[in-house]
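Have the structure open beside you as you read.

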Amino acid sequence: MRRLAALCACLATAAPAAPTTTPAPLPPPYTGAYQPQGVDEIGLWKQLDEDERMLANSPILIRDEALNAYVRGVLCATVGADRCKAARLYILRTPLFNASMAPNGTLRVFSGLLLRVRSEAELGAVLGHEFGHFEQRHTLARFRAHRSGTDLLSWAAVLASMVPYAGGAYNFQTMQISVYGRLAHFSRDQEREADLHGIGYLNGSALRPQSAAVVWQNVMTEAERSAAARGQAHPRFDRIPFFASHPSDAERATTMASLAVPDGATRDDGAARYAAALAPWLPLFLDDQIKLNDFGASEYLIGMLGERGATAPLWVARGDLYRARGYPRDLVSAAEFYANAAALDPSLAEAQRGLGLALIKTGRRTEGVAALRRYLQLKPDAPDAAMLGTLVATPAQGQ
């Protein structure tokens, strides 16, 4: 019973205090990466090192030197050159809004995050948040808290099995809910602390810290568009479920705005540099996004990217999105979008391919075949060249 009481006390005091809403302070001098202590921590580090070894050989790892160097440069501009040396960056082709940093210094960045942020400052806000987790050793603290909680529940399960009446099982279930709820609360407080450190890095950088709030405003807008396209109820961003591991998006947007230093609003956000660096990757990242079959979110992201001006790849992406949904009116719209792309860039093979397929689907076979022939001329070694060549050579039904 004394052990159970000690575990309860450990779990109850594990959560850090919630940050204030005054401007976040600048980060302290960097003291270096934490070295594992004890058998458990050394074992955890070995597991993380093995995970990193597998990650380095992953088929979804993006190894492009220019993109990796650019993202690392944004990290260094955010947290500083001394802290930046502790991170080993891995960009993964995964169309989700996410990034994470392990205690051993492994920083994972998903391509879906790169698609959604629009400037170096917005990317820096997310990378700084993850580095805050790393510097504050949150994963290690969460590991200890979970171990304490599961130890507590293990002993409680043994004691409950010894109770000869039904109340023991009920009390154990109540304790389970309490422990897991406390762990979720602990995780939310860690996220708040990481937000505080992340915006602190931006406050001390040359980037615009107000961009951190924009990230979460855009996340909420995307969720609204996704729900509307599916015919679902409007999402609630001001509520925190009992077992939620993160604060609400509305809370984070509001808190981020209040934590940014006011004079940082005039700083450069690096939007033009970011657009130039991501331009070669947008067609691939957008194609992955469209394949998620989330029409509202994809349409919102394409529109957001087009705010600085429509480009041929964006018109192709919009055409692909509408053609994938496939309603008759969508196919007509898709043909129009592909035609806009072809007008902006006649050498863009993907525009001719999409235009040809959309026109054939709408009954305009002659025009569609002509567009597909242009596609095959522009890209004779395309993976689908043989299949589309057969389609072009096949006469229309009834001829």
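## A hairpin and its strands

Let's begin where β3 and β4 form a hairpin with 4 residues between the strands: there, Gly105 takes a positive phi near 100°. Strands here are DSSP runs of E with at least two residues, and helices are runs of H or I with at least four, numbered from the N terminus. Strand β3 (residues 99-101) runs antiparallel to β4, joined by 3 bridges, and Met101 stands opposite Leu107. Two strands pair if DSSP finds at least two bridges between them.

On to strand β2 (residues 88-92), which runs parallel to β4 and is joined to it by 5 bridges. Here Tyr90 stands opposite Arg108 of β4. Because 4 of the 5 residues of β4 (residues 106-110) are buried, this strand is largely enclosed by the rest of the structure. Buried means under 20% relative accessible area, exposed over 50%, and partly exposed in between (1.4 Å probe, protein chains only).

The buried residues of α17 are Gly368, Val369, Ala371, Leu372, Tyr375 and Leu376. Seen down the helix axis, they fall within an arc of 160°, so they line one face of α17; the arc is that of the directions from the helix axis to the C-beta atoms. What covers them includes α16 (349-361) and α18 (385-393), with contact meaning heavy atoms within 4.5 Å. The face turned away from the buried side carries exposed Thr366 and Gln377.

## About the model

This is a predicted model: local features need pLDDT of at least 70, side-chain atom pairs count only at pLDDT 80 or more, and totals for chains, interfaces and linings use all residues. Residues are numbered from 1 along each chain as its sequence is written, and side-chain values use heavy atoms, leaving out hydrogens and water.
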